[in-house]
Amino acid sequence: MDFDLPPSLPVSGIPWERVLPPLFPRWNGKVGPYSWTPTELLIPVSEHTGAAQVTCDHNGFTVQVDVKHFSPEELLVKVVGDYVVVEGKHEQKKDGSGLVTRQFNRRYRIPNGVDIMALESAMSPEGMLVISAPLT
């Protein structure tokens, strides 16, 4: 899955204060009713689909994945090209009166400007895997 762009326009319409600055960098930060600061030149992207949320803004790149059915030993996080790949697998476990096997593979495109060497991952006690990296 790629999460480079939002799936649709926000309800409020096109966020011109975030679209115009990269198009017209020599303007003084004001176009009609819209104004911006240099820190807003990166268009924030946030995607929430099911068990994952991906965010890229002026703070950096963050992926949050719900992995509550997996232990840390059953997860693998790696960088392959321009993607961060998350894999989880556990063999049969007792679940009520039956047995369950779970496995998933997900990949998320790392936006340009993200410091891949500073990529970190951690798992919360609630079962949320957080992968993050600052902008370079």
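Leaving aside neighbours within four places in sequence, which residues is Val 67 in contact with? I will come back to that after a word on the model.

This is a predicted model, in which local features need pLDDT of at least 70 and side-chain atom pairs count only at pLDDT 80 or more, while totals for chains, interfaces and linings use all residues. Residues are numbered from 1 along each chain as its sequence is written, and side-chain values use heavy atoms, with hydrogens and water left out.

Now the answer. Val 67 is in contact with Leu 75, Phe 104, Met 123, Gly 127 and Leu 129, with neighbours within four places in sequence set aside. Contact here means heavy atoms within 4.5 Å.

Val 67 also belongs to the largest nonpolar core, which has 18 residues. A nonpolar core is a set of buried Ala, Val, Leu, Ile, Met, Phe, Trp, Tyr and Cys residues joined through side-chain atoms within 4.5 Å. Buried means under 20% relative accessible area, exposed means over 50%, and partly exposed is in between, with a 1.4 Å probe and protein chains only. The members that touch the most others are Phe 61, Val 63, Val 65, Val 67 and Tyr 108. Two or more residues of this core come from each of β4 (52–57), β5 (60–66), β7 (83–95), β8 (98–109) and β10 (128–133). Strands are DSSP runs of E, at least two residues long, numbered from the N terminus.

Next, the pairing of β5. Two strands pair if DSSP finds at least two bridges between them. β5 pairs with β4 in the antiparallel sense over six bridges, and these two strands form a hairpin with two residues between them. Gln 53 has Gln 64 in β5 as its bridge partner. β5 and β10 also pair antiparallel, over six bridges, and there Val 63 stands opposite Ile 131.

Now the loop between β5 and β6 (75–80), where Glu 74 lies. Is Glu 74 buried or exposed? Glu 74 counts as buried because its relative accessible area is 19%. A polar atom of its side chain lies 2.9 Å from the backbone nitrogen of Ser 71. Beyond four places in sequence, Glu 74 is in contact with His 69, Glu 87, Gly 88, Lys 89, His 90 and Lys 93.

Last, Val 77, which is in strand β6. Val 77 counts as partly exposed because its relative accessibility is 29%. Not counting residues up to four places away, Val 77 touches Val 84, Val 85, Ser 121, Leu 129 and Ile 131.

Technical notes: Helices (H or I, at least four residues) and strands (E, at least two) are DSSP runs, numbered from the N terminus. A polar contact is a pair of N or O atoms within 3.5 Å; within protein, one must be able to donate a hydrogen and the other to accept it, and residues adjacent in sequence count only if both atoms are side-chain atoms.
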